[in-house]
Amino acid sequence: MELRVLNYFLAVAREENITKAAQILHVTQPTLSRQIAQLEEELGVKLFKRSNHHIILTEDGMILKRRAQEIISLAEKTRQDLMQKAEVLTGEISIGSGEFLSSRILSDIIASFSKKYPKIKYSIYSGNGENVRERIERGLIDVGLITTPVDINKYHSVIMPQKELWGILAREDSPLADKEEISPQELRDVPLITTSSELHTSMVGQWLGEYYDRVNITAMGNLQYNEAVLAQSGMGDVISIKLNSTYPGLRFIPFSPRLENGTAIVWKKEQIFAPAAEAFIKYCKQYLKDISDNSI
């Protein structure tokens, strides 16, 4: 499969129309149709099926679309890496991050590094720890900000100084809204929204202890804003860390006993980085060391 043909395929998948895709790609319609047919023949599957006045992806087409997007993204990142010059750092650094208070520190690091190397650009991917780690493994991002503990067999890391405080975002009319702190037993049978698909193995699951089987998970998500909107609509209270964000009608209440976790900037072991990413990792280490030294 050629990258050019994958780009053709993605254009047809996006437009759902051969003629429109051909116009955007500046190729003739017969040429584009022939390229798609040859791709289907090469793969041995049908990628599109006709529906009324447009064409839509088959199940195999949807699988290829997901893979093709990753391939194109990785190819572009590789191209950017190879274009970088050691004497004048340029190119792009890909960074993944969850939603944390420590994200502010990461942003400060990026801004400070950018002043030193103004020709470097940044691509920021937002997701939960599982998403970020997966993209690191695939080589789609250089470094990620995730919760600790870190798998030291896979990643190098530098610890962030900020602690993340756990609690719930409760609606003003929730039975828990007037509490100053929330204990595990008070979450029994309460409709809850959580970020974790594996709550039983998480820190929160361990904190719930014997009451884990009594919680009522009504929804799951990976971004606090979407979860907060669900809470505002009455789906339940959100199990969450405290962020510098406010949502009308919702109030953050911390857990008791207090539950905190740390975060770390991580990068894959045994990986050769482009000069810009390598310089950024070195800068992160020194920046956080300076913070630590100044706090002593």
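Visitor: Where is the place of leucine 3?

Guide: Leucine 3 sits in helix 1, residues 3-15. Keep in mind that this is a predicted model.

Visitor: Is leucine 3 buried, partly exposed or exposed?

Guide: Buried means under 20% relative accessible area, and exposed means over 50%. Leucine 3 has 41% relative accessibility, so it counts as partly exposed. Leaving out residues up to four places away in sequence, leucine 3 touches Ile71, Ile72 and Ala75.

Visitor: What does the protein come to in secondary structure?

Guide: The protein has nine helices and 13 strands. Its C-alpha atoms fill a box of roughly 70 × 55 × 35 Å along the principal axes. Of the 296 residues, 41% count as buried.

Visitor: Now the sheet. In what order do the five strands run?

Guide: First the general idea. Strands of a sheet pair through backbone hydrogen bonds, either parallel or antiparallel. Here, five strands form an open sheet in the order 4-3-5-13-6, with mixed pairing.

Visitor: Which strands stand at the edges?

Guide: Strand 4 (120-126) and strand 6 (155-159) do. Each has a single partner strand, so one side of each is left without a neighbour in the sheet. On average, neighbouring strands of this sheet are turned by 25 degrees against each other, direction ignored.

Visitor: How many bridges join strand 6 and strand 13?

Guide: Five bridges, in the antiparallel sense. Isoleucine 159 and leucine 3 are 156 residues apart in sequence and 39 Å apart in space, C-alpha to C-alpha.

Visitor: Which strands does helix 6 lie across?

Guide: Helix 6 (residues 129-137) lies across strands 3, 4, 5, 6 and 13. Helix 6 runs at about 150 degrees to strand 5.

Visitor: How do I read a core? Which residues touch the most other members of the largest one?

Guide: In soluble globular proteins, nonpolar side chains tend to be buried together. The largest nonpolar core here has 42 residues. Leu106, Ile168, Leu187, Phe255, Ile265 and Phe280 touch the most other members. Elements giving two or more residues to this core include strand 3 (91-97), helix 5 (103-116) and helix 9 (275-295). Helix 9 gives the most, with seven residues. Apart from this core lies another, of 20 residues, among them Tyr8, Ala21, Ile55 and Leu57.

Visitor: What does isoleucine 168 touch?

Guide: Beyond residues up to four places away in sequence, its contacts include Leu176, Ile182, Leu187, Val238 and Phe252.

Visitor: Which residues of helix 8 are buried?

Guide: The general idea is the helical repeat. An α-helix has 3.6 residues a turn, so residues three or four places apart point the same way. In helix 8 (residues 224-232), the buried residues are Gln224, Glu227, Ala228 and Ala231. Seen down the axis of helix 8, they fall within an arc of 100 degrees, so they line one face. These buried residues pack against strand 7 (164-171), strand 8 (191-194), strand 10 (237-241) and strand 11 (250-254). Just after helix 8, glycine 234 takes a positive phi of about 95 degrees.

Visitor: Last one. Is asparagine 261 buried or exposed?

Guide: Asparagine 261 is buried, with a relative accessible area of 5%. Look for it in strand 12 (residues 260-261). The side chain of asparagine 261 makes a polar contact with the side chain of tryptophan 166, at 2.5 Å. Asparagine 261 also touches other residues, including Thr147, Lys163 and Met203.

Key. Residues are numbered from 1 along each chain as its sequence is written. This is a predicted model: local features need pLDDT of at least 70, side-chain atom pairs count only at pLDDT 80 or more; totals for chains, interfaces and linings use all residues. Side-chain values use heavy atoms; hydrogens and water are left out. Buried means under 20% relative accessible area, exposed over 50%, partly exposed in between (1.4 Å probe, protein chains only). Helices (H or I, at least four residues) and strands (E, at least two) are DSSP runs, numbered from the N terminus. The arc is that of the directions from the helix axis to the C-beta atoms. Contact means heavy atoms within 4.5 Å. A nonpolar core is a set of buried Ala, Val, Leu, Ile, Met, Phe, Trp, Tyr and Cys residues joined through side-chain atoms within 4.5 Å. Two strands pair if DSSP finds at least two bridges between them. Axes are lines fitted to C-alpha atoms, for helices over the stretch in contact, and angles run from 0 to 180 degrees between N-to-C directions. A polar contact is a pair of N or O atoms within 3.5 Å; within protein, one must be able to donate a hydrogen and the other to accept it, and residues adjacent in sequence count only if both atoms are side-chain atoms.
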